[in-house]
Number of protein chains: 2
Amino acid sequence: MPKSAVATGARRGELKERLTDAASRLIEAKGLASVKARPLAEKAGCALGAIYTVFPDLDALILAVSARTLARLEAHLDAIAVEVAAEATPREAARQRLVALALAYLDFAFAHRASWRALFEHRLPEGRPVPEWMVAEQARLFGKVEVLLGPLVPHMGVAQRAMLARSLFSAVHGLVLLGLEEKLGVMPFAMLREEVERLVSAMARGLEEMDR
Amino acid sequence: MPKSAVATGARRGELKERLTDAASRLIEAKGLASVKARPLAEKAGCALGAIYTVFPDLDALILAVSARTLARLEAHLDAIAVEVAAEATPREAARQRLVALALAYLDFAFAHRASWRALFEHRLPEGRPVPEWMVAEQARLFGKVEVLLGPLVPHMGVAQRAMLARSLFSAVHGLVLLGLEEKLGVMPFAMLREEVERLVSAMARGLEEMDR
DNA sequence: TCGCAAAAATGAACATCGTTCAAGCAAAAT
DNA sequence: ATTTTGCTTGAACGATGTTCATTTTTGCGA
């Protein structure tokens with residue numbers, strides 16, 4: 001029974017896992033730049049060349065780690081539970097959920113700083129296409145925002161709403177990014193949280209007003 | 001007359017310029033990753049080792065390019081002239097100026113994509129301190145936002161206003177960053193402009209409302 | 001159980017990087 | 001003219017990602 005050329009045998013699968021684990025730990029401990037082939041092989045208990053039997057190159061390995069991080073991020077965002085006061089209007093409820101979502105994003109980035117940073121710091125070599133599963137995962141993240149925009153800006157078209165969701169995500173991402181960037185002068189985490197809350201709340205209010 | 005150890009002779013100054021020029025052109029043409037020592041030396045018409053007589057390492061050279069980019073950015077932001085209707089309230093005027101500032105930031109990033117990206121993509125090796133002029137320059141950028149916040153949120157304390165300025169900048173930065181990131185799916189520039197306008201305007205309105 | 005072809009794993013070798021520094025060179029001083 | 005001083009140079013070094021001839025293991029028919 002000839003195995004498919006793409007199929008990953010059990011042995012190879014284990015090696016892939018060990019390598020992804022090792023890379024993940026390296027990133028979390030010493031950042032993306034510390035992911036080197038030789039230490040990786042040692043930590044995974046395999047030969048140098050073995051890496052290239054399961055991954056085409058190190059970029060692919062890092063992408064595998066990114067996939068994991070994105071999955072953890074999504075799980076974390078799905079786990080938030082917002083209790084909304086019964087007498088709250090749908091708009092107020094959506095606003096609160098939006099703020100909670102942004103705070104959850106910030107919390108994840110703070111808790112898994114290095115992995116989260118690696119997600120955006122890592123750049124594919126020029127001309128390499130972004131894997132389709134990554135695009136799909138990003139779309140899922142934007143979607144989480146999009147559904148909350150329904151009650152907030154009911155008069156807006158769906159296409160425009162999709163773009164707005166992307167923009168909102170980007171804005172929060174920027175807040176978190178520069179907030180956790182040590183080189184801009186460290187901002188205490190609690191303050192950063194307040195800022196995210198303030199700005200997301202302000203954006204929601206402003207958007208409601210403009211949609212009226 | 002013994003020259004100061006820090007002073008840069010005329011010859012060395014020219015070389016420094018030629019190298020910075022070469023690096024700048026390389027970044028604009030093929031991105032930050034294409035800044036390599038040997039091509040650099042060739043383009044600048046000097047020996048390989050000569051680079052290290054005027055810069056401690058390539059990171060310092062890239063920082064010199066960043067300094068230039070920041071200066072150009074500041075000049076570009078200073079050049080914007082907003083005409084505000086005479087009957088506009090101070091709040092409306094400030095809001096319009098804030099939007100104009102954000103759009104100018106977007107325009108600069110779009111026009112000098114690679115240089116602007118290099119500004120944030122480049123990361124100092126662990127433990128290297130950020131030059132003080134860079135921190136100062138960033139403070140100047142935040143300051144431009146801060147002055148516009150005065151009429152918008154008059155009841156807010158100055159310390160909180162400073163943080164808010166930083167947050168606003170970060171949010172716009174995030175919008176521009178993910179907007180120009182090809183890998184998130186290209187967004188037409190005109191739409192991106194509209195999004196920035198919409199979101200900054202919304203933030204301003206929401207902040208006014210919350211400050212009331 | 002043995003032999004042997006096919007597959008898989010290995011790590012020495014290679015190309016390319018940033019950086020260093022002994023050697024050469026030019027200018028200044030004597 | 002000779003010595004001294006300081007600057008310039010590019011070969012050499014260590015580290016890196018990647019390749020591939022060689023070795024080792026595996027699978028299986030005799």
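This note sets out points on a predicted model, covering the contact between the protein chains, the nonpolar core and the surroundings of the DNA strands.

1. Contact between chains A and B. In the predicted model, 28 residues of chain A are in contact with 28 residues of chain B. On the chain A side, the elements that contribute two or more residues are helix 7 (132-152), helix 8 (158-180) and helix 9 (189-211). Helix 9 of chain A supplies the largest share, twelve residues.

2. Composition of that side. The residues of chain A that touch chain B comprise 15 nonpolar, nine polar and four charged.

3. Nonpolar core. The largest nonpolar core holds 99 residues. Those that touch the most other members are A23(A), V172(A), M203(A), A23(B), V172(B) and M203(B). In soluble globular proteins, nonpolar side chains tend to be buried together.

4. Contacts of M203(A). Leaving aside residues up to four places away in sequence, M203(A) touches L168(A) and A171(A) in chain A, and L199(B), A202(B), M203(B) and G206(B) in chain B. M203(A) is also among the core residues that touch the most other members.

5. Surroundings of DNA strand C. There are 15 residues around DNA strand C, and A47(A), G49(A), A37(B), G49(B) and D57(B) come nearest.

6. Surroundings of DNA strand D. DNA strand D is surrounded by 15 residues, of which A37(A), G49(A), D57(A), A47(B) and G49(B) are the closest. The surface near DNA strand D divides into eight nonpolar, three polar and four charged residues.

Definitions and conventions. Residues are numbered from 1 along each chain as its sequence is written. Chains are lettered from A and ligands numbered from 1 in the order in which they are written. This is a predicted model: local features need pLDDT of at least 70, side-chain atom pairs count only at pLDDT 80 or more; totals for chains, interfaces and linings use all residues. A residue is near a molecule or strand if its C-beta atom, placed from the backbone, lies within 6 Å of it. Two residues are in contact if their C-beta atoms, placed from the backbone, lie within 7 Å. Helices (H or I, at least four residues) and strands (E, at least two) are DSSP runs, numbered from the N terminus. Ala, Val, Leu, Ile, Met, Phe, Trp, Tyr, Cys and Pro count as nonpolar, Asp, Glu, Lys and Arg as charged, and the others, Gly among them, as polar. A nonpolar core is a set of buried Ala, Val, Leu, Ile, Met, Phe, Trp, Tyr and Cys residues joined through C-beta atoms within 7 Å. A residue is buried if 20 or more other C-beta atoms lie within 10 Å of its own, exposed if 12 or fewer, and partly exposed in between; C-beta atoms are placed from the backbone.
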